[in-house]
Amino acid sequence: MKSMSPVWHPFTQHAVQPEATLIAGGEGAWLETGDGRRIFDAISSWWVVTHGHRHPHIVQAIKHQVDRLDQVIFAGFTHEPAERLARHLIAITPPELEYVFFSDSGSTSVEVALKMALGFWRHRGENRSRILALEGAYHGDTIGGMSVGERGVFNAPYDPLLFDVDRLPFPSAGREQATLDALDAACRNGGVAALIVEPLILGAGGMLIYPPWVLAEMKRICRTHGALLIADEVMTGWGRTGTLFACEQAGVTPDIGCYSKGLTGGSLPLAVTLCSADIFDAHYSTDRTRAFFHSSSYTANPIACAAALANLEIWEREPVLERIARLTTLHAARLDRFRENRRFANVRQIGTIAALDIAASDAGYMAGIGPRLYQSFLARGLLVRPLGNTIYIMPPYCSTAGELDLAYEAIGEIADEIE
Ligand code: PLP
């Protein structure tokens, strides 16, 4: 039966999926439904909530900002939250990243990055417009994001809108050199503007992990051939992989970095694309046609910027990295028992992200088992949203051992049930 609600939900097949669960509140690692049930948010509400829902410092900052300035056009005008936030971001990222461009979502931060890369080469008068991307990548659902992401069921109808990119094989264990060789060969062919990667782990592409040395090598090869490296840290940023940013583990500075999700601690939509001075300078000219032509109405919304500043203060004042290290250890201890279990494969972890594949007749995002798993977790009061037969847990950093136990016990029970 068709829903009574006029709301069309994202990544939702309304004809087969049950009605959306009404959420009325959130606190810490928990959501509360309209009828008073509690749900453990084991995926941080699509990977955005880092310190927990409604962290008091962020809530306070939002309230404070609402009383001063809600919104202002960001062309020709600026405001203190954005100025302070930009300086703070520059201070915590590698020194080579010197400029901050604001937008509203992970996808738009990627669009901005791609446009910056193409604009850079155009304004320098070099004919470089090819983009390289990893097989299996996910970079968002705008046209540029889809173009550089994996092609498949998600974007097949929109294919006529998408541009071609050169794909490098994913650097799976033992096959890393093939990726690096493909990168080198593509660069030698010429015309490469940039390589875009999700550093250390493909998120929506199946929580696939690759080692830091591969990322370091990718950077080295790009540098050798003068190609830009775009790091899409939309998912990996803000501590998810164990360090503030994933690139740190490889000692890599991207030429362009995309950050969103946990930027506001998961409270409000905001994104930034950081770039090197070279990229800014290529657009800097008395020629007005060389301006960076990108905007959205809510660019650098002051309330969202205030929330992001509060998030950065939490990182300074609270032992966030220690919480992350603790969560990392808690995951590791709980994952072990699944390693010898024949119903699971590819038990893996990086920092606060743990994933494993459940044996099923079909694999991949559209695997039939996915929706069944989702419902089974939900029935147990857990928000876990498997990527097909890949179950992953990526909770807020305030999650306790007991809360994680709920998730891991459910994984075991659900596997028993399904068998
Ligand atoms: N890039 C990566 C690596 C992501 O994981 C995502 C979202 O999951 C995006 C970009 C798109 O972000 P958003 O959904 O905020 O547009």
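In what order do the 7 strands of the open sheet run, and is the pairing parallel, antiparallel or mixed? The views below start there. This is a predicted model, where local features need pLDDT of at least 70 and side-chain atom pairs count only at pLDDT 80 or more, while totals for chains, interfaces and linings use all residues. Residues are numbered from 1 along each chain as its sequence is written, and side-chain values use heavy atoms, with hydrogens and water left out.

View 1. The order is 4-12-11-10-7-5-6, and the pairing is mixed. Strands here are DSSP runs of E with at least two residues, helices are runs of H or I with at least four, and both are numbered from the N terminus. Two strands count as paired if DSSP finds at least two bridges between them. Strand 4 (97-103) and strand 6 (166-168) sit at the edges with a single partner strand each, so one side of each has no neighbour in the sheet. From one strand to the next, the twist averages 20°. Zooming in, strand 7 (residues 192-197) and strand 10 (residues 228-232) run parallel and are joined by 4 bridges; I196 has I230 of strand 10 as its bridge partner.

**View 2. Helices lying across the sheet.** Helix 6 (residues 176-189) lies across strand 5 (130-134), strand 6 and strand 7, at about 175° to strand 5. Helix 7 (residues 212-225) lies across strand 5, strand 7 and strand 10, this time at about 170° to strand 7. For these angles, axes are lines fitted to C-alpha atoms (for helices, over the stretch in contact), and values run from 0 to 180 degrees between N-to-C directions. Contact itself means heavy atoms within 4.5 Å.

**View 3. Helix 11 against helix 12.** The axes of helix 11 (residues 369-379) and helix 12 (residues 401-418) come within 10 Å and cross at roughly 125°. That makes helix 11 oblique to helix 12 (under 35 degrees would be roughly parallel, over 145 roughly antiparallel, 65 to 115 roughly perpendicular, and the rest is oblique). From helix 11, the contact uses I369, R372, L373, S376 and F377, and from helix 12 it uses A407, A410, I411, I414, E417 and I418.

Which residues of helix 11 are buried? They are I369, G370, L373, S376, F377 and L378, with buried meaning under 20% relative accessible area, exposed over 50% and partly exposed in between (1.4 Å probe, protein chains only). Their cover includes strand 3 (38-41), strand 14 (353-358), strand 15 (382-383), strand 16 (390-393) and helix 12. After helix 11 comes G381, with a positive phi near 80°.

View 4. Strand 1 (residues 23-27) and strand 2 (residues 30-33) run antiparallel, joined by 4 bridges, and I23 stands opposite T33. Their hairpin has 2 residues between the strands, and G28 there takes a positive phi near 60°. Strand 2 also pairs with strand 3 in the antiparallel sense, over 3 bridges, with L31 partnered by I39. In that hairpin, 4 residues lie between the strands, and G36 has a positive phi near 85°.

**View 5. N311 and its surroundings.** N311 belongs to helix 9 (residues 302-317) and is buried, with a relative accessible area of 0%. Neighbours within four places in sequence aside, N311 contacts T50, H51, I58, W238, G262, L263, T264 and G265.
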